Amino acid sequence: MNTKIEKIANRVLQGKGISYKEAHYLMGINGNEIYDLLYWANHIRYNSFKNVISLCSIKSAKQGRCSEDCRFCSQSSRYQTEISRFPLVEKEKISGAVERGKEYKSNCVGVVTSGYSLGGSVDFDKICDYVYELSKEEGISIHTSIGTITSEMAKKLVSSGVEMINHNLETSERYYPNICTTHLYKERVKTIEIAKKAGLKVCSGGIFGVGESVEDRLDLAFRLKTLDVDAIPLNFLSPIKGTPFSLEKALSPMDILKIIAVFRYIFPDKELKIAGGREENLRDLQSWMFYAGANSTIIGDYLTTKGKSPDDDLQMIKDFDLTYED
Ligand code: SF4
């Protein structure tokens with residue numbers, strides 16, 4: 001057992017936190033000692049969440065034709081990708097997704113729209129109305145991911161019953177221009193600050209395997225910590241034909257488990273959610289994401305790609321002697 005990892009983990013378990021230097025050391029762990037890193041990450045997860053895994057499903061409510069140029073995304077109008085494109089769906093489709101989410105034991109359903117922002121559009125008012133009606137009818141928490149928001153929009157989301165928004169920082173501020181050039185990192189930070197100030201919870205994380213360095217991963221983590229986000233989704237690039245990242249080399253499953261583990265040391269008691277790319281990248285090691293410290297995952301399909309069968313995911317959780325809210 002690597003005693004330095006053990007010491008760092010024990011300090012995290014005592015609520016003393018972890019420094020950037022220590023996190024950098026953990027990111028450099030290789031070979032058999034990765035198992036020591038995972039062992040303690042699992043302890044930290046168990047200490048905060050016991051055996052309960054949170055599940056979240058998402059619904060693409062408006063897809064494609066996005067003006068932005070996020071280089072991993074199939075929904076940018078700048079790239080030739082094979083996805084279906086559609087305007088804002090009617091309430092019934094979102095209601096159907098909520099019903100399916102409930103069947104899959106989801107704790108929440110995220111309603112996601114493409115584009116920089118829904119600000120000043122009829123679609124924003126419609127989304128607010130849908131959420132208001134559906135959260136009352138369905139008795140499930142409905143979250144939104146609708147791009148950047150203003151203070152006025154944040155207030156309206158709160159009064160419509162939205163508890164949490166998703167708005168990812170994606171990577172470090174330094175590396176961000178390699179991912180997106182059509183809007184600024186500080187605009188993303190601003191949306192998070194506005195949401196927090198309005199009393200919304202914030203789900204914000206990033207994407208890995210897009211050519212970022214270890215330092216970019218850590219800078220993202222510590223920036224999210226400073227912003228006091230409530231849930232951290234970790235996405236792993238699933239290269240999509242037609243996007244600039246289509247030929248990017250995949251991260252190895254052990255590298256991914258290491259990223260999850262180090263994020264758990266940095267965020268001992270926050271929801272750490274494994275989002276896009278787990279099926280293709282973790283392959284047979286998918287259940288290990290929980291041993292690496294994740295306490296949450298997306299269940300069902302993603303925005304433009306298929307997910308694993310929900311029944312198989314629920315079985316995977318049970319097989320690991322973990323549980324979910326039934
Ligand atoms: S990630 Fe969002 S903002 Fe960026 S291109 Fe895709 S839909 Fe547009």
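**Ligand shell, annotated sites and core**

Student: Which residues are around the ligand?

Tutor: Bear in mind that this is a predicted model. In it, the residues around the ligand are Cys66, Glu68, Cys70, Cys73, Gln75, Ser76, Ser114, Gly115 and Tyr116.

Student: And how does that shell divide into nonpolar, polar and charged?

Tutor: Four residues of the shell are nonpolar, four are polar and one is charged.

Student: Which cysteines does the UniProt "binding site" annotation cover there?

Tutor: The UniProt annotation, from an unreviewed entry, covers Cys66, Cys70 and Cys73, and these three are also listed among the residues around the ligand.

Student: Where is Cys66, and is it buried or exposed?

Tutor: Cys66 sits in the loop between β1 (52–62) and α4 (91–103), and it counts as buried because 22 other C-beta atoms lie within 10 Å, where 20 or more are required. Setting aside residues up to four places away in sequence, Cys66 touches Gln75, Ser76, Ser77, Ser114 and Gly115.

Student: What about Cys73, buried or exposed?

Tutor: Cys73 is buried, with 24 other C-beta atoms within 10 Å, and it lies in the loop between β1 and α4.

Student: Changing topic: which other residues does UniProt list for "binding site"?

Tutor: The unreviewed entry lists Cys203 and Lys273 under that name. They are spread over 71 residues of sequence, yet they cluster in space, with a largest C-alpha distance of 9.3 Å.

Student: Which strands do Cys203 and Lys273 lie in?

Tutor: Cys203 lies in strand β5 (residues 201–203), while Lys273 lies in strand β8 (residues 271–274). Cys203 is buried, with 26 C-beta neighbours inside 10 Å, and Lys273 is buried too, with 23 other C-beta atoms within 10 Å.

Student: What do they touch?

Tutor: Not counting residues up to four places away in sequence, Cys203 touches His143, Met164, Asn166, Asp230, Ala231 and Pro233. With the same exclusion, the contacts of Lys273 include Cys56, Ala231, Pro233 and Ile298, which puts Ala231 and Pro233 on both lists.

Student: And Ala275, where is that?

Tutor: Ala275 is in the loop between β8 and α10 (278–282), and it counts as buried, with 23 C-beta neighbours inside 10 Å. Leaving out residues up to four places away in sequence, Ala275 touches Pro233, Leu234, Asn235 and Ile298.

Student: OK, the core now. How many residues does the largest nonpolar core have?

Tutor: It has 94 residues, and those with the most contacts inside it are Ala195, Leu200, Ile260, Ala261, Val262, Phe263 and Tyr265. Helix α9 (residues 253–266) gives the most to this core, with nine residues.

Student: Last stop, helix α1: which of its residues are buried?

Tutor: In α1 (residues 3–13), Ile5, Ile8, Ala9 and Val12 are buried. Seen down the helix axis, the buried residues of α1 fall within an arc of 100°, so they line one face of the helix.

Student: What does that buried side pack against, and what is on the face turned away?

Tutor: The buried residues of α1 pack against α2 (20–27), α3 (33–49) and α9, whereas the face turned away carries the exposed residues Thr3, Lys7 and Asn10. After α1 comes Gly15, whose phi is positive, near 80°.

Terms used. Residues are numbered from 1 along each chain as its sequence is written. This is a predicted model: local features need pLDDT of at least 70, side-chain atom pairs count only at pLDDT 80 or more; totals for chains, interfaces and linings use all residues. A residue is near a molecule or strand if its C-beta atom, placed from the backbone, lies within 6 Å of it. Ala, Val, Leu, Ile, Met, Phe, Trp, Tyr, Cys and Pro count as nonpolar, Asp, Glu, Lys and Arg as charged, and the others, Gly among them, as polar. UniProt positions are given in the numbering used here, feature names are shortened, and annotations may be inferred rather than shown by experiment. Helices (H or I, at least four residues) and strands (E, at least two) are DSSP runs, numbered from the N terminus. A residue is buried if 20 or more other C-beta atoms lie within 10 Å of its own, exposed if 12 or fewer, and partly exposed in between; C-beta atoms are placed from the backbone. Two residues are in contact if their C-beta atoms, placed from the backbone, lie within 7 Å. A nonpolar core is a set of buried Ala, Val, Leu, Ile, Met, Phe, Trp, Tyr and Cys residues joined through C-beta atoms within 7 Å. The arc is that of the directions from the helix axis to the C-beta atoms.
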